[in-house]
Structures are given as C-alpha cells and as structure tokens.
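Let's take a walk through a protein model together. Have the sequence and the 3D view ready, and follow along one stop at a time.

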Amino acid sequence: MTPRSARDWLKILAQYRDPSVGRSIFELVVTLVPFLGIWALAWAALSISPWLSLALAAVNGMFLIRLFIIQHDCGHGAYLPNRSVQDWLGRALGVLTLTPYDVWKRTHAIHHSHHGNLDQRGIGDVTTLTVEEYRARSPMGRLIYRIYRNPIVLFVVGPAYMFLLQHRLPVWLMRSGWRYWVSAMGTNVMIALIVASIWYFGGWQPVLLIWLPTGIVAASIGVWLFYVQHQFEDTHWVNDEDWQLHHAALEGSSHYVLPQPLRWLSGNIGIHHVHHLYSRIPFYRLPEVIRQHAELAEAQRMTIRESIATARLHLWDEAQQKLLSFREARMQYGLA
C-alpha cells in the first residue's frame, strides 16, 4: 500500500479533534489533585527530613509537566469547546508552570508554523546552526554555541533561566501588542503572591526545597522532551522555498516511545508527530490515533535509549540532510 502523504493524514486525523468536556475535567482533576497533595506532603515532610521534601518535590515535577501539557492543549484550542473558559484555565495553570499563557501561546504558535524552515528560526525552538553557519562563525562565536549546546546548559541551566527569568519579561514580543505584557505581568504578580504566601506561612524552606525544585525539575524534563521531539538525526530542515508545513510537521517530529507511567505523566506528548500534524487533537486522544493507525505508530519511533544519543547532535548538515555531532563535523569537514 502506498504510504499516505501528510495532507492525506489531515483528513483522517480531523475525526479525533473534538474534546470531551467530561474527560478534560477528569484529566485536570487527576493531575491537579495529586500535584497539590504531593506539595502538601512535601511541606509536612520538612519536619522529618529536608531531603525527603526535596525528593517529593522532584517527583511532583512530573505532575507539573502534565499540568503544562493541559495548558499546552488550551493554547492549541484542543482542551475545551468554550474558548474563553479554556484560555482562563490556561492562564491559571500558567501561574503554576511559571509560563505566561498568552506569551507562550504566541511563541508556540510560531514554532508550529515555522518548524523545519531554516529561514524562520529563532522563536520557540532550540537554536540549531547549520554546518556552514558554524563554519562562518568566529572562534568566540563557535565557543558560545558549543557552550549553549552543552547538555548541562541545555537541560539544566537553560531551562531554569527560561522559566524563572526569561518568561518574566517578554522583550521579544515588545512590538506585538500590550496583551503579552499583561499576560506576563499578571502571571508574575500571581507567582509573587504565591511565593510570598508560602514564605510567610513556612519560611524559606518550602520555597527553596519544594517550590523551586519542583519548577526546575519540570523545566528540565520539559526542555528534554521538546528537544528529543525535534532534534533527532534524520529530522527535517529545509529552506523556505522547499518547506511545506504539513510535511515538516510529520517528518520533523519524533514518536518518543515511553513506558506507560511516563507516557501518562508526560501527557502523551511523545506522540509528537501526530500532535504537530494536527495540534487540535486533545492529548488524551493521541494514543487512540496510533492504536488505530499502525503507519503512524511506526513513524519516527525513538526509544529512551535511542534518545540519549540525540544529546550529542549539534549541527544540521544540509548536504546529508541530517544532524551531526561536533566530532562528526570535525572528522568530515575539519571544523574545530
């Protein structure tokens, strides 16, 4: 049978787009209630051991990831039929995820509309240079890029900076309208009130040993998931004249195959090729898609073991149409 094109899949996937209000409310409750429960348990555990509280905070980072996925679906208009209720739910969750909803909604829409286009990089994606762009950089420019692509920076320092500081002031949207500033400042005020309340009632320990680690763990895992969903060896990058939205969505996103508990905690976001091709599908319906369509289930599959190797990929080789490591670029092109 001839493989279906990306456009053919659009017609098929349209039947999965409608959310169920009951299911959406259920998914919110079974995520938010454990999140708040673990938070309370971690706070109570401070009287026993700060290390126990820290461990619980790290676990709770996964529930925060799931709350972010719900916020993510709200941003795509995929979670509730009522757009206004959906947006306000997204804004409320943005206070917990440290992500101003309207700001993120805008930048993420840019990511979806330009991913895989070499001429439209810069917002909502992981900075990736081509071999020729890296070659053209000065020694200092190459060093800066190498530091940026270091796993410690990319998955620990970078996420903490992004969610704790960068999201607080959306200077990159300065000319895009007042609503993004209202979103960021409103979220900042609510975050400040929550942190101040935690400090008032519990002192510095619940802030530094629970609130902060929960956010940092979620940020790091979230950036890792985003990275492996697009930064794999045979991903898709072309110049503007050859770029096609739906083809780039399907070919440039992975199917990250996770064990069921991690799939649940990550809100099925590993089924990323389907999500990118049809972002209006609620996250809880994505498994239904791959169960019923084997071709999509097998496309761009990546296991956890295989995903670890993607951390060493750094440069896009336009000639070979694949990502290379710095070592491969040095061996093949003599790049230092």
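Start at His 273 and look at its surroundings: leaving out residues up to four places away in sequence, His 273 touches Ala 249, Leu 250, Ser 253, Ser 254, His 255, Leu 296, Ala 299 and Gln 300. Contact here means heavy atoms within 4.5 Å. You'll find His 273 in helix α13, which spans residues 272-277. Helices (H or I, at least four residues) and strands (E, at least two) are DSSP runs, numbered from the N terminus.

Is His 273 buried or exposed? It counts as buried because its relative accessibility is 0%. For these labels, buried means under 20% relative accessible area, exposed means over 50%, and partly exposed is in between, using a 1.4 Å probe and protein chains only.

Before going on, a quick word on what you're looking at. This is a predicted model, where local features need pLDDT of at least 70 and side-chain atom pairs count only at pLDDT 80 or more, while totals for chains, interfaces and linings use all residues. Residues are numbered from 1 along each chain as its sequence is written, and side-chain values use heavy atoms, with hydrogens and water left out.

Now zoom out. UniProt, in an unreviewed entry, gives residues 50-305 the annotation "domain: Fatty acid desaturase". Over that stretch the chain is 66% helix and 2% strand, with its end C-alpha atoms 32 Å apart. The UniProt record also places "transmembrane region" (unreviewed entry) at residues 21-45, 51-69, 147-166, 178-201 and 208-227. UniProt positions follow the numbering used here, feature names are shortened, and annotations may be inferred rather than shown by experiment.

Residues 21-45 are 100% helix and 0% strand, and the end C-alpha atoms sit 36 Å apart. Residues 208-227 are also 100% helix and 0% strand, with 27 Å between the end C-alpha atoms.

Stay with residues 21-45, which make up helix α2, and find Val 21 there. Val 21 counts as partly exposed because its relative accessibility is 41%. Together with Ile 25, Val 29 and Val 33, Val 21 forms a nonpolar patch on the surface, with about 330 Å² of accessible area.

Next come the charged residues. Side chains of opposite charge can pair when their charged atoms come close. The structure holds eleven salt bridges, each being a side-chain nitrogen of Lys or Arg within 4 Å of a carboxyl oxygen of Asp or Glu. One of them joins Glu 27 and Arg 23, at 2.6 Å from N to O. These two are separated by about one helical turn because they are four residues apart in helix α2. Glu 27 is buried at 3% relative accessible area, whereas Arg 23 is partly exposed at 35%.

Another salt bridge pairs Asp 102 with Arg 91, whose closest N and O atoms are 2.9 Å apart. This pair links distant parts of the chain, with Asp 102 in helix α5 (residues 101-114) and Arg 91 in helix α4 (residues 83-97), eleven residues apart. Asp 102 is buried at 6% relative accessibility, and Arg 91 is partly exposed at 21%.

Finally, look at Glu 298 and Arg 301, whose side chains meet in a salt bridge at 3.9 Å, N to O. Glu 298 is exposed at 55% relative accessibility, while Arg 301 is partly exposed at 40%. Elsewhere, salt bridges that share partners join Arg 23, Glu 27 and Arg 66 into one network.

Notes:
Patches are made of residues with over 30% relative accessible area and no salt bridge: like charges are joined within 9 Å, nonpolar side chains (Val, Leu, Ile, Met, Phe, Trp, Tyr) within 5 Å. Accessible areas come from the Shrake-Rupley method with a 1.4 Å probe; for residues, only the protein chains shown count as cover.
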